[in-house]
Amino acid sequence: MASPQRRIVHVDMDAFYASVEQRDDPELRGRPVVVGGRPDQRGVVAAASYEARAFGVRSAMPMANAVRRCPELVIVRPDFTKYQAVSRQVFALFRAVTPAVEPLSLDEAYLDVTENAWAEPLATTVAKRLKEQIREETGLTASAGVAPNKFLAKIASGWRKPDGLTVVAPERVEAFLQQLPVNALLGVGPVTARKLRAHGIVALVDVRRFDVERLTSIVGSRADWLLRLSHGIDDRPVQSTRRARSSSSERTYAEDLTDLEAIRKEIDGMARRTAAGLERRKMTARTVTIKVRYDDFTTITRSDTRRPPTADADEIARRAVALLERTDAGARPVRLLGAGVHNFTAAADGAPSSEPGAAAESARTPSATARAREPLGNPPGDAGEGGRADSAPDADSDSDSDADSDSGAGAGAGRV
Ligand SMILES: [Mg+2]
């Protein structure tokens with residue numbers, strides 16, 4: 001339970017594509033500019049300058065609609081090669097601070113700066129310096145949010161834009177949550193927000209008035225996740241891995257499990273599934289981890305690290321089940337179980353599977369150790385290779401939940 005306070009920064013470039021265009025063409029400065037497709041070809045707005053936003057023009061809006069709102073709108077065709085080049089500059093700055101950088105799009109990322117290359121204890125200072133460096137290097141502004149987790153950091157970065165810096169210190173989390181509307185919850189799009197409002201849930205904290213059962217009847221399997229968020233709890237790690245360095249599965253149960261034998265069976269099955277994933281990727285892992293959430297929402301993880309690394313399903317399952325002895329599972333009802341493996345090694349050559357550029361990503365580096373503390377921090381669902389953890393936790397959630405992004409039409413431009 002007692003994991004150290006994390007320091008997460010979410011950095012988001014301001015009106016990214018539009019700002020790059022305005023930077024490169026002085027004619028465009030001070031004018032309502034959008035980047036996107038042609039209005040007569042059903043184009044949409046990929047990014048809107050702040051001057052255009054003043055007219056109500058927004059990302060993902062049909063271009064014809066945008067032109068109606070702002071007749072003097074200047075439409076610029078997107079140049080993704082250029083945006084990618086700027087993006088590479090920005091991400092190089094991020095990665096010089098910490099290897100724990102999780103890209104969300106070309107212009108947006110989470111950074112875990114709990115440990116950082118500047119040995120800077122204050123995440124606020126890290127964010128401030130990064131903003132300065134981005135401006136010096138690219139001539140562009142970014143907004144940053146600083147918070148103890150990803151959920152809050154992302155809301156914070158959008159709090160004051162452009163060129164904003166919003167800090168949600170741990171002791172201010174509750175006050176911050178109190179100000180938020182229910183649609184600030186990750187995974188709650190307009191459809192779900194309407195449903196929740198119909199039940200009198202208007203503010204984010206109103207969610208707390210509902211027990212899981214009642215909330216489940218409204219939002220399905222996301223109830224647990226939304227309840228946690230409403231308390232400001234989000235233990236998803238910042239996942240810098242382009243190639244996965246961990247893999248896990250977990251499950252929330254409709255009815256709490258109390259039978260230890262049933263719990264063992266569940267853990268055994270999950271461990272075998274993650275072992276199969278290792279096998280497929282020709283990887284081995286040193287660490288086996290389980291996660292248990294009790295009926296009062298307390299969540300614990302237990303892990304077992306050994307050499308040599310293994311992909312053997314029997315061994316991984318045996319070690320995972322044995323870890324249950326270090327929990328109160330069975331004695332206390334269990335609402336969620338998870339099992340996973342991490343600290344990967346390529347099976348073929350025994351070398352660590354670090355991504356290029358992430359120097360010496362062995363378990364001995366501070367950042368890897370930090371991650372190792374919460375290898376199962378993902379929301380329900382497998383945190384497998386290529387899985388994007390920022391979207392809603394479940395497959396059945398709204399797909400319309402991140403409308404406020406510069407990357408609407410840029411989604412096809414690839415991730416950094
Ligand atoms: Mg942006």
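Let me start with strand β1 (residues 8-13) and strand β6 (residues 108-112), which run antiparallel and are joined by five bridges. Strands here are DSSP runs of E with at least two residues, helices are runs of H or I with at least four, and both are numbered from the N terminus. Two strands count as paired if DSSP finds at least two bridges between them. Ile8 has Asp112 of β6 as its bridge partner.

Before going on, the provenance. This is a predicted model, where local features need pLDDT of at least 70 and side-chain atom pairs count only at pLDDT 80 or more, while totals for chains, interfaces and linings use all residues. Residues are numbered from 1 along each chain as its sequence is written.

The whole sheet is open, with five strands in the order β5-β6-β1-β7-β8 and mixed pairing. β5 (101-105) and β8 (165-167) are at the edges with a single partner strand each, so one side of each has no neighbour in the sheet.

Helix α6 (residues 150-157) packs on this sheet and touches β1, β6, β7 (142-147) and β8. Contact means C-beta atoms, placed from the backbone, within 7 Å. The direction of α6 makes about 145° with that of β7; axes are lines fitted to C-alpha atoms, for helices over the stretch in contact, and angles run from 0 to 180 degrees between N-to-C directions.

Now the helix pair. The axes of α9 (residues 212-219) and α10 (residues 223-230) come within 8 Å and cross at roughly 115°. Val212, Leu215, Thr216 and Val219 of α9 make the contact with Ala223, Asp224, Leu226 and Leu227 of α10.

Terms used
Two residues are in contact if their C-beta atoms, placed from the backbone, lie within 7 Å.
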